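Subject: Structure handover

Hello,

I am passing on the structure we spoke about. Please look through it first; my notes follow below.

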Amino acid sequence: MIPPFRPDAGYAQELDARDDLVRFRQQFVIDDPTYIYLDGNSLGRLPRVTVERLQQVVEQEWGRRLIRSWNEGWFDLPERVGAKMAVLLGASPDEVIMADSTSVNLYKLALAALQVQSGRTKIVTDELNFPSDLYILQGVVRLAGPAYRLEVVPAADELSGPVEQLAGAIDEETALVVLTHTIFKSGYTYDMATLTELAHRAGALILWDCSHSVGAMPIALNAAAVDLAVGCSYKYLNGGPGAPAFLYVRRDWQERLNNPISGWMGQHSPFAFALDYQPAPGLRRFLTGTPSILALAAVEAGLELLLEAGLERVRAKSVQQTEYLVALWEALLAPLGFRLKSPRQPEHRGSHVTLGHDEGLRIDQALIHEMSVQPDFRRPDNIRFGIAPLYNTFTELHEAVQRLRTVVTEQLYEKYPAEGPAVT
Ligand SMILES: *Cc1c(COP(=O)(O)O)cnc(C)c1O
């Protein structure tokens, strides 16, 4: 049993002492323990094992073996890493492959889906979706032709996914529904099975962007009968900046969907150099060009840590940590003008907690530059505290809240300009 909440530092230490994932923190490069990193939902920390793995790939596989390495494990790497990723996604090993970026994979799968839904001309999404996803869908609709349109369902507030409004918008014209499982601003998490069923009942396909969920909670793509999914590997998966993304295509769709960016790596036999494109069987057809081997090797190393920890345990700690931060907010931050902008119910919350404040942007700047606490900021007033259960401790959360209080009570934010820097 977890002892009842107390706002003192001793309570955080008690929770750390009971944490069965605590040993994973040592597996990451942490050169400055006073720097409280709460941005693992944007760029995960560097696992120690990744440093060794990359050194081996560079020196041994590239340096010594050179092109021979393609037949010694490189060619299959997108599938091999995809099969490990499938465990995190509740999918079969042959339903997930690593390729390109999340944005590019979204484009490929959305366009492929439109082509098998003839007569249906609408894509439905919501206005809380990640803007890059909206830009991609705008591009997909533009290319598909003037008959096609994107319906961006409005949300009543920034906090919760507009489930009712989506139910109203998904109809017999809808070819595809595209949603982000955990919303990047508030951390609201959709009930994947319910929304998927809603889409299927109307005859639409569904494509989930799992970027903000994968690695922080178990995902059950097969159990929910999800058609398509994409997601990012540099957030909770700790794959490194710009790491290759994954794409999932349910097995029964694989031979029916075509990759709109048909390149040689998705060709039936790339080294036959035939003049006409023939798609590879299975998921490989969704590859386009040569995969980035160094980047993929880094993803594989990070993934293994998560598999070792086990997603059920990761999720249990994540819920406990976000609950703890919400309790600290209520006790210590609400009186200073902070608003909770994440869902109260843990089943609808991902692994970050968002707090709003009228001086949000300047407080965020002061926190980073004077207090060595790293959250991130999303306009207009959202300070996001990303919690990565593999390396964040309860003591860090407690200490971050103390420093946040100091920024406000001592008005340390006042010297920062209201506009903020380019990357927040
Ligand atoms: C982080 C994130 C992305 C990132 O896309 P890139 O193509 O890697 O830049 C896309 N979608 C969502 C929902 C994200 O959270």
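Tyr 188 has a relative accessible area of 6% and is therefore buried (buried means under 20% relative accessible area, exposed over 50%, and partly exposed in between, with a 1.4 Å probe and protein chains only). Tyr 190 is buried too, at 3%.

Before the rest, two notes on the source. This is a predicted model, in which local features need pLDDT of at least 70 and side-chain atom pairs count only at pLDDT 80 or more, while totals for chains, interfaces and linings use all residues. Residues are numbered from 1 along each chain as its sequence is written, and side-chain values use heavy atoms, with hydrogens and water left out.

Aromatic rings

A search of the whole structure gives 13 aromatic pairs (rings of Phe, Tyr and Trp, the last by its six-membered ring, pair if their centres lie within 6.5 Å; planes under 30 degrees apart count as stacked, over 60 as edge-to-face and the rest as tilted). Tyr 188 and Tyr 190 are edge-to-face, because their ring centres are 5.3 Å apart and their planes stand at 90°. Phe 271 and Phe 273 also form an edge-to-face pair, with 5.7 Å from centre to centre and 85° between the planes. Both Phe 271 and Phe 273 are exposed. One aromatic cluster is made up of Phe 5, Tyr 11, Tyr 324 and Phe 394.

Charges are also found over rings (NZ of Lys or CZ of Arg within 6 Å of the ring centre and within 35 degrees of the ring normal). The charged end of Lys 235 sits over the ring of Phe 130, 5.5 Å from its centre. For Arg 256 the ring is that of Trp 253, and the distance to the centre is 4.0 Å.

Helices and strands here are DSSP runs numbered from the N terminus (helices are H or I, at least four residues; strands are E, at least two). Two strands pair if DSSP finds at least two bridges between them. An open sheet of four strands has the order 9-10-13-12, with antiparallel pairing. Its edge strands are strand 9 and strand 12 (376–378), each of which pairs on one side only.

Strand 10 (residues 352–356) is mostly covered, with five of its five residues buried. His 352, Thr 354 and Gly 356 point one way from strand 10, Val 353 and Leu 355 point the other way, and all are buried. Strand 9 (residues 339–340) joins strand 10 through two bridges, and Arg 339 has Gly 356 as its bridge partner there. Strand 13 (residues 382–386) runs antiparallel to strand 10 and is joined to it by five bridges. In strand 13, Gly 356 is partnered by Asn 382 and Thr 354 by Arg 384.

Strand 8 and its partners

Strand 8 (residues 245–249) is largely enclosed by the rest of the structure, because five of its five residues are buried. Ala 245, Leu 247 and Val 249 point one way from strand 8, and Phe 246 and Tyr 248 the other way. Strand 2 (residues 96–99) is antiparallel to strand 8, with four bridges between them; Ile 97 stands opposite Leu 247. Strand 7 (residues 228–231) also pairs with strand 8 in the antiparallel sense, over four bridges, and the bridge partner of Gly 231 in strand 8 is Phe 246.

Two positions along the chain

Val 373 lies in strand 11 (residues 373–374) and counts as buried, at 1% relative accessibility. The C-alpha atoms of Val 373 and Ile 36 are separated by 4.7 Å, although the two are 337 residues apart along the chain. Asp 157 is in the loop between strand 4 (149–153) and helix 6 (163–169), and its 41% relative accessibility makes it partly exposed. From Asp 157 to Leu 412 is 255 residues in sequence and 30 Å in space, C-alpha to C-alpha.

The largest pocket

The largest pocket holds about 220 Å³ of space. (A pocket, on a 1 Å grid over the protein atoms alone, is an open set of points where a 1.4 Å probe fits, with protein on both sides within 12 Å along at least five of seven lines; lining residues have an atom within 4 Å of a point. A volume is the space filled by probe spheres set on the points, which are joined across faces, edges and corners.) Its lining has 14 residues, of which His 181, Tyr 190, Asp 191, Met 192 and Pro 218 lie nearest the centre.

Regards
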